Amino acid sequence: MAADTTVPLRLRARDADDLAVLSAALQDAIVPVHDITFLRPERCFVMALNRFCWEQPAQLVDGQEIWQRTLCGVRFQGIDAVQSRKLDLQDRARMLDLLAVTAEEGGLLLRFAGDVTLRLAGDGIDVLLEDRGEPWPTPQKPQHPE
């Protein structure tokens with residue numbers, strides 16, 4: 001495999017344009033429910049996830065494409081309430097596949113596979129994404145129907 005030239009991402013989103021870039025970076029991230037937390041007194045919603053590194057091209061190793069994932073933390077500041085649909089936040093062993101983060105009136109919507117959603121309500125939301133640690137190889141590239 002070629003020398004690792006991965007630069008950890010650190011993105012901040014304060015408007016819809018920023019959020020579109022951040023959402024693209026988070027597409028297909030794997031989110032363990034046990035790594036999702038709403039810190040109500042701090043008006044902060046945080047989650048740790050395994051982010052697929054779409055910005056990195058595959059490496060060819062022994063005839064097989066190898067991609068990368070990395071540990072990533074995301075902080076949503078300015079959150080007043082969190083609502084979930086089709087998700088039991090007490091099911092701490094469940095894994096979610098993040099599809100998109102979008103702005104909507106009065107907050108943000110996190111859409112996951114299986115029609116699961118989290119709505120983060122608040123005004124002036126500030127989102128920070130930070131990669132943590134070294135990426136690891138994966139032969140699995142997320143697939144989406146045409």
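Begin by selecting strands S9 and S10 (residues 116–121), which pair in the antiparallel sense over six bridges; two strands pair if DSSP finds at least two bridges between them. Helices (H or I, at least four residues) and strands (E, at least two) are DSSP runs, numbered from the N terminus. The model is predicted: local features need pLDDT of at least 70, side-chain atom pairs count only at pLDDT 80 or more, and totals for chains, interfaces and linings use all residues. Residues are numbered from 1 along each chain as its sequence is written, and side-chain values use heavy atoms, without hydrogens and water.

Select Leu 109 next; its bridge partner in S10 is Arg 119. Three residues separate the strands of this hairpin, and Gly 114 takes a positive phi near 80°.

Leu 98 has Phe 112 in S9 as its bridge partner. The S8–S9 hairpin has two residues between its strands, and Gly 106 in the turn has a positive phi of about 85°.

Show S9 by itself: five of its six residues are buried, so the strand is largely enclosed by the rest of the structure (buried means under 20% relative accessible area, with a 1.4 Å probe and protein chains only).

Finally, select Arg 14, Ala 103, Gly 107, Leu 108 and Ile 125, which lie nearest the centre of the second largest pocket among its 13 lining residues. Helix H1 (16–26), strand S8 (95–104) and strand S9 (107–112) each give two or more residues to this lining. A pocket is an open set of points on a 1 Å grid over the protein atoms alone, where a 1.4 Å probe fits, with protein on both sides within 12 Å along at least five of seven lines; lining residues have an atom within 4 Å of a point.

Definitions and conventions
Buried means under 20% relative accessible area, exposed over 50%, partly exposed in between (1.4 Å probe, protein chains only).
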